[in-house]
Amino acid sequence: MRRYLAGRLLLLVPVLVGVSIVIFLVLHLSPGDPAEIMLGSQATREDLARLRADMGLTEPLPVQYVHWLHHVLRGDLGRSLWMKRPVLPEVLGRLRATLLLTGTALVLSTVGGVALGVASARWPRSLLDRLSAVAALFGASMPSFWLGIVLMVIFALRLGWLPASGMFAPYGGGGPLDLALHLALPALTLAAASVTIIARLTRSTMLETLGQDYVRTARAKGVGEGGVVLRHGLKNALIPIVTVVGVQAGYLLGLAFALINLGVDLLYAWLDPRIRYE
Amino acid sequence: MSDRRASATAPPAQAPRGRNVLAVAAAVALVAAVLVAALAPWLPLPDPDTVDTPNRLRPPLSPGHALGTDEFGRDLLARLVWGARVSLLAGVATAAAAMVVGVMLGVIGGFYTGWIETIVMRLTDILMAFPYILLAIAIVGGLGPGLRNAMIAIAIVGFPIYSRLVRGVVLSLREHEFVEAARALGAGDAIILGRHILPHLLSPVIVAFSLDVGVKILATAGLSFLGLGTQPPTADWGSMLATGRQFVVLSPHVALLPGLAIFVVVLALNLLGDAVRDFLDPRVG
């Protein structure tokens, strides 16, 4: 297990190098000349050429990449031409809010989706099951950027129950409750699509596991209904669910994708002892 | 594969009646949307790009503007109808392009082993591992914003779904006796692929495609919403939604109507896709 973990972490290095090359090339391919943007349209041709040379833009592409990587490894992501400030603090300053929002959305969609899916599988064709099927169809068809606006119009503008923007109230805010109120609408919007996917997947895998012989055996041995559903049903149904939650986490975060994949693989081994990593 | 044939022609296993009614309703709504979009130039609508600032942000049911006007006084109904042309065409075209590329790569990756398979499938894995919106933004960043480039980006991001699906089917088909029999009779790769493998791919690919068009419409609308797709003044549901967002406090209809249009069309496509799947592949429910 430990060797597997070390191997996977080592494999991250070439993946990260590959990603850094892709990011560098995309930056390079994107339209617009940084020198022209910095100096404006009034700049002379000589000024532009001098600035390009100063910034190292006249060097061959691989040399530029090595320079760039060298700076990135020392934590220097360059300066924003737009805000005239170093980029790294700008990114880090927004990381906390990003992680808080995506983390909340992920917890909401996982807990809500699994609970809804287990209930749908326990009572198939019930009203709850049907409602969750309709919700899944709606969730898959609704653009999330539109759902956000709809929720904002209803709960912030019309009803006035929740704030429409910001992280804390400008006056007298700052407590955890204030934060939770500000988180509610964006986190719900982000979670809406994933919660329905996770619920439907949980339902179908749970229905499959609850039909297995060992579940009948557990019932025959007198295991209580809760133990049957949760211990024998849910734990065995969790593998595809963990996969999807991992994918959703990747979509929500965009960042740290490789690390999430690794975490998912390690969870597989915990869930199903037959899965071994050597 | 004979069992598959038999089950495909048998009536769909316990497909509830309500679902058929829904599927028919979805089909009617889609045909109506396609007809309206196709006939837009001949419909008695105001010009979608004519600016009329004194009449900006009129509410729905205003005289002369059934659905009201946007921030430049342009007729919202006309813009929705013309926007349908862009959104529907973009959805079908990107899904079709992703399908053609994905099926070709999937067949190659499944039929030929060795380095070809390795290259094709690793490429697929890399594309699938990247968060799709990030990749699409990167591609549009490289090519420049605009509807055509946004569509190219979405097609590139979308083909791995098809290549994964098709490769899985081809891998199992390759080992079947009828392929061995064809080979024993002296059939070459082209004949085996064209006559014995491709027909079996038809139903899973049709199912995937019918569910994919909606996803692609959402994706194009998303890129337009971010300003990377259709450029002004061309009407497109995603960009209409994006600009309408700024006026959501006073005139929510400007943002809500294009979103509603996307929602209804994608919902209809999903309902129809589910019905197609029930019909062609009754084992999955």
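# A walk through a two-chain helical model

Let's start in a loop: Asp75(B) sits in the stretch between helix H2 (17–38) and H3 of chain B. Helices here are DSSP runs of H or I with at least four residues, strands are runs of E with at least two, and both are numbered from the N terminus. Asp75(B) is buried, because 26 other C-beta atoms lie within 10 Å. For the cut-offs, buried means 20 or more other C-beta atoms within 10 Å of a residue's own, exposed means 12 or fewer, and partly exposed covers what falls in between, with C-beta atoms placed from the backbone. Which residues does Asp75(B) contact, leaving aside its neighbours within four places in sequence? They are Leu45(B), Pro46(B), Pro48(B), His65(B) and Thr69(B), where a contact means C-beta atoms, placed from the backbone, within 7 Å. Leu45(B) is 30 residues from Asp75(B) along the chain, and their C-alpha atoms are separated by 8.5 Å.

Before going on, some ground rules. This is a predicted model, in which local features need pLDDT of at least 70 and side-chain atom pairs count only at pLDDT 80 or more, while totals for chains, interfaces and linings use all residues. Residues are numbered from 1 along each chain as its sequence is written, with chains lettered from A and ligands numbered from 1 in the order in which they are written.

So how confident is the predictor? The model scores ipTM 0.73 and pTM 0.75. Chain B has a mean pLDDT of 81, with 90% of its residues at 70 or more; pLDDT is the predictor's confidence in each residue, from 0 to 100. Within chain B, confidence is highest in H3(B), at 90, and lowest in helix H1 (residues 2–9), at a mean of 40. Over residues 1–14 of chain B, pLDDT stays under 50, and the model has 10 contacts beyond four places in sequence for that stretch. Where pLDDT is low, the predicted coordinates should not be read in detail.

Now the overall layout. Chain B has 10 helices and zero strands, and chain A has 11 helices and zero strands. Of the 285 residues of chain B, 41% count as buried; for the 278 residues of chain A, the figure is 21%. Looking at contacts with a separation of 6 or more, residues 24 or more positions apart account for 70% of them in chain B and 63% in chain A.

Zooming in on Ala150(B), its contacts beyond four places in sequence are Val140(B), Thr220(B), Leu223(B), Ser224(B), Leu228(B) and Gly229(B).

H3(B) also packs on another helix. Its axis and that of helix H8 (residues 189–225) of chain B come within 8 Å and cross at roughly 140°, where axes are lines fitted to C-alpha atoms, for helices over the stretch in contact, and angles run from 0 to 180 degrees between N-to-C directions. By class, the contact of H3(B) with H8(B) has 15 nonpolar, four polar and two charged residues. In that scheme, Ala, Val, Leu, Ile, Met, Phe, Trp, Tyr, Cys and Pro are nonpolar, Asp, Glu, Lys and Arg are charged, and the others, Gly among them, are polar. Among the residues that meet are Ser87(B) and Phe111(B) in H3(B), and Asp212(B) and Lys216(B) in H8(B).

Helix H9 (residues 237–244) of chain B has seven of its eight residues buried, so the rest of the structure largely encloses it. What covers those buried residues includes helix H7 (144–158) of chain A together with H3, H8 and helix H10 (253–280) of chain B. After H7(B) comes Gly186(B), with a positive phi near 95°.

Last stop: Thr124(B), in helix H4 (residues 115–129) of chain B. Thr124(B) is buried, because 21 other C-beta atoms lie within 10 Å. Not counting residues up to four places away in sequence, Thr124(B) touches Pro160(B), Ser163(B) and Arg164(B).

Methods
Contact = placed C-beta atoms within 7 Å.
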